[in-house]
Amino acid sequence: ADLPEWARTPTAVATQFTVDGIVYNEEKFRELGIDPPETHADLIDERLAGHVAFPDIANGAHWAAIVGLAGGDESNLDPALELVEQMNPAYFYSGSTDLAARFGSGEIWAAPWQSSWALRLKRSGAPVAVSYPKIGDKTGALWPLKFAILEGTEDNDAAYAFINTALTPEAQYGH
């Protein structure tokens with residue numbers, strides 16, 4: 001009830017937001033003479049062949065990357081499909097933990113991804129950075145993470161308690 005109107009729908013509430021960008025191995029980019037990516041299309045570079053991951057359709061980072069490749073035009077995503085083919089990702093990731101492991105091992109050098117993962121990797125010693133690419137006339141993307149209580153839930157009070165706990169300053173800071 002304390003959330004602003006824009007963070008609520010009739011069936012869900014936004015509890016967190018992630019900032020999507022391009023996470024990249026800054027040491028490898030420097031070694032290869034590649035500038036930090038300014039657009040998603042910058043990942044189409046033969047020097048990155050076999051070392052770029054792309055979010056699959058089940059991952060929230062997919063949409064910012066696709067719209068970015070389409071030049072920011074959400075009404076025509078067709079150009080993005082050809083650019084993904086040209087990018088020829090090493091793999092399409094659905095989960096961030098697997099991608100983090102591949103970044104940590106040096107297998108993956110760049111991927112459209114949430115900036116929070118770059119911070120986690122950097123804290124573990126991985127030489128990563130994040131850039132916030134141009135998407136049309138905007139820079140970067142903000143993605144809401146929503147919680148909903150499913151119809152038929154056996155313990156609505158517990159579900160509400162979970163959501164309310166997730167919205168506390170302590171939980172938000174921890175995330």
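A residue is called buried when its relative accessible area is under 20%, exposed when it is over 50%, and partly exposed in between, using a 1.4 Å probe and protein chains only. Keep that in mind as we walk through this predicted model, in which local features need pLDDT of at least 70 and side-chain atom pairs count only at pLDDT 80 or more, while totals for chains, interfaces and linings use all residues. Residues are numbered from 1 along each chain as its sequence is written, and side-chain values use heavy atoms, with hydrogens and water left out.

Let us start with the whole chain. It has seven helices and eight strands; these are DSSP runs numbered from the N terminus, with helices being H or I runs of at least four residues and strands being E runs of at least two. Along the principal axes, the C-alpha atoms fill a box of roughly 55 × 40 × 25 Å. Of the 175 residues in the chain, 39% are buried. A contact here means heavy atoms within 4.5 Å. Among contacts between residues at least 6 apart in sequence, 65% join residues at least 24 apart.

Now look at helix H3, residues 78-87, where Ala80, Leu83, Val84 and Met87 are buried. Why do these residues sit on the same side of H3? They do so because they cover an arc of only 105° around the axis, the arc being that of the directions from the helix axis to the C-beta atoms. An α-helix has 3.6 residues a turn, so residues three or four places apart point the same way. The face of H3 turned away from the buried side carries the exposed residues Asp78, Leu81, Glu82 and Glu85. Strand E2 (53-55), H2 and strand E3 (91-93) are included in what covers the buried residues of H3. Just past the end of H3, Asn88 has a positive phi of about 50°.

Helix H4 comes next. Its buried residues are Ser96, Leu99, Ala100 and Phe103. Viewed down the axis of H4, these buried residues fall within an arc of 105°, so they line one face of the helix. On the face turned away from the buried side of H4 are the exposed residues Thr97 and Ser105. The packing partners of the buried residues of H4 are strand E1 (13-25), E2, E3, strand E4 (110-114), helix H5 (115-123) and strand E5 (128-131).

A salt bridge is a side-chain nitrogen of Lys or Arg within 4 Å of a carboxyl oxygen of Asp or Glu, and the structure holds six of them. In one, Arg102 meets Asp98 at 3.1 Å, N to O. Both residues lie in H4 (residues 96-105), four residues apart, about one turn of the helix. Arg102 also forms a salt bridge with Glu107, with the closest N and O atoms 3.2 Å apart. How exposed is Glu107? Its relative accessibility is 35%, so Glu107 counts as partly exposed. Shared partners join Asp98, Arg102 and Glu107 into one network of salt bridges. Arg102 is partly exposed because its relative accessible area is 23%, and Asp98 is partly exposed at 36%.

Another salt bridge links Glu31 with Lys28, their closest N and O atoms being 3.4 Å apart. These two residues lie in helix H1 (residues 26-32), three residues apart. At 58% relative accessibility, Glu31 counts as exposed.

On a 1 Å grid over the protein atoms alone, a pocket is an open set of points, where a 1.4 Å probe fits, with protein on both sides within 12 Å along at least five of seven lines; lining residues have an atom within 4 Å of a point. Grid points are joined across faces, edges and corners, and a volume is the space filled by probe spheres set on the points.

The largest pocket holds about 370 Å³ of space. It is lined by 17 residues, and the closest to its centre are Ala1, Val13, Ile149, Tyr160 and Ile163. Helix H6 (residues 156-166) gives the largest share of this lining, four residues. The second largest pocket has a volume of about 170 Å³. Helix H2 (61-69) and strand E8 (141-147) are the elements that give two or more residues to the lining of the second largest pocket.
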